[in-house]
Amino acid sequence: MAGLHIIDHPLVQHKISLLRDKNTGTKEFRELVSEIAMFICYEATRDLPLKEIELETPIAVAKTKIISGRKLAFVPILRAGLGMVEGVTALVPAAKIGHIGLFRDPESKEPVLYYSKMPDDIRERDVIVVDPMLATGHSAIAAIDEIKRLGVKSVKFMCIISSPEGVEAIQKAHPDVEIYAGVMDEGLNDDKYIVPGVGDAGDRIFGTK
Ligand code: URA
């Protein structure tokens, strides 16, 4: 079973508190999501393989390390996941970006894939799926299903606020997927919002409410 990594760095915790405040406006909310995404990405990429190279500094020849191995792709789940893209690409500018859109079928309540656009070489990349809120886990699982269906072998999931229900659901459906989160909240209310959470992350990022 893959692990859950809670990034309990003081800067992350402080910024999550600012996110939670209902008086935090769109501009600040968007900036915070991006900054927190960058910190969580820093941890989610901690195990990237390195190789040793030799180069010349102005002083001497140095044996030094650079990132090697498979390239990365980030896949935001529309639409709130888009808010994390700027932060993660600030850390990994060479990463490619795929997009996944899902809606909830009103009858079955199951997520239905309506959009999937991936880099052509996605199967050669390691993928990190990003969505600020891990609530029921249904969207995350459907996104990971789609990415694996395309042949990707290594998938991680990154969010800012997780719920116990969502973590359990991903771990059951995709036991190989490591989860990186800023915090784990109490759980879900009847409307499947995370409590205490931040409300609707998409609306708060894009100012649609
Ligand atoms: N999506 C959100 O934006 N907020 C929640 O609390 C749950 C899912």
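User: How many bridges join S9 to strand S11?

Analyst: Strand S9 is joined to strand S11, residues 161-162, by 2 bridges, and the two run parallel. A strand here is a DSSP run of type E with at least two residues, and a helix is a run of type H or I with at least four, numbered from the N terminus. Two strands are said to pair if DSSP finds at least two bridges between them.

User: Before we go on, what kind of model is this?

Analyst: The model is predicted, so local features need pLDDT of at least 70 and side-chain atom pairs pLDDT 80 or more, while totals for chains, interfaces and linings use all residues. Residues are numbered from 1 along each chain as its sequence is written, and side-chain values use heavy atoms, without hydrogens and water.

User: Back to S11, then. Which residue there is the bridge partner of Leu134?

Analyst: Leu134 has Ser162 as its bridge partner in S11.

User: And what order do the strands of that sheet have?

Analyst: The sheet is open, and its 3 strands follow the order S9-S11-S13 with parallel pairing. Strand S9 (133-134) and strand S13 (183-184) form the edges, each pairing on one side only.

User: What about the open sheet of 6 strands?

Analyst: Its order is S1-S12-S10-S8-S4-S5, again with parallel pairing. Strand S1 (4-6) and strand S5 (96-97) each have a single partner strand, so one side of each has no neighbour in the sheet.

User: How many bridges are there between S4 and strand S8?

Analyst: S4 and strand S8, residues 126-130, pair in the parallel sense over 5 bridges. As for individual residues, Val75 stands opposite Val129 in S8.

User: New topic: which residues surround the ligand?

Analyst: The ligand is surrounded by Met133, Ala135, Lys192, Tyr193, Ile194, Gly199, Asp200 and Ala201.

User: Which polar backbone atom is 2.8 Å from a nitrogen atom of the ligand?

Analyst: That atom belongs to Gly199. Ala201 also has a polar backbone atom 2.8 Å away, in this case from an oxygen atom of the ligand. A backbone N or O atom of Ile194 lies 2.7 Å from a ligand oxygen atom. Such a pair of N or O atoms within 3.5 Å is termed a polar contact.

User: What stands out about the backbone of Lys192?

Analyst: Lys192 is not a glycine, yet its phi is positive, at about 70°. Lys192 is one of the residues around the ligand, and its place is the loop between strand S14 (187-188) and S15.

User: Where is the cis bond that involves Pro196?

Analyst: The cis peptide bond runs from Val195 to Pro196, with omega near 0°. Pro196 lies in the loop between strand S15 (194-195) and helix H6 (201-206).

User: And which residue is joined to Arg79 by a cis peptide bond?

Analyst: Leu78 is joined to Arg79 in this way, with omega about 0°. Arg79 is in the loop between strand S4 (72-76) and helix H3 (85-91).

Technical notes
Near = heavy atom within 4 Å. Polar contact = N/O pair within 3.5 Å; in protein donor to acceptor, adjacent residues only side chain to side chain.
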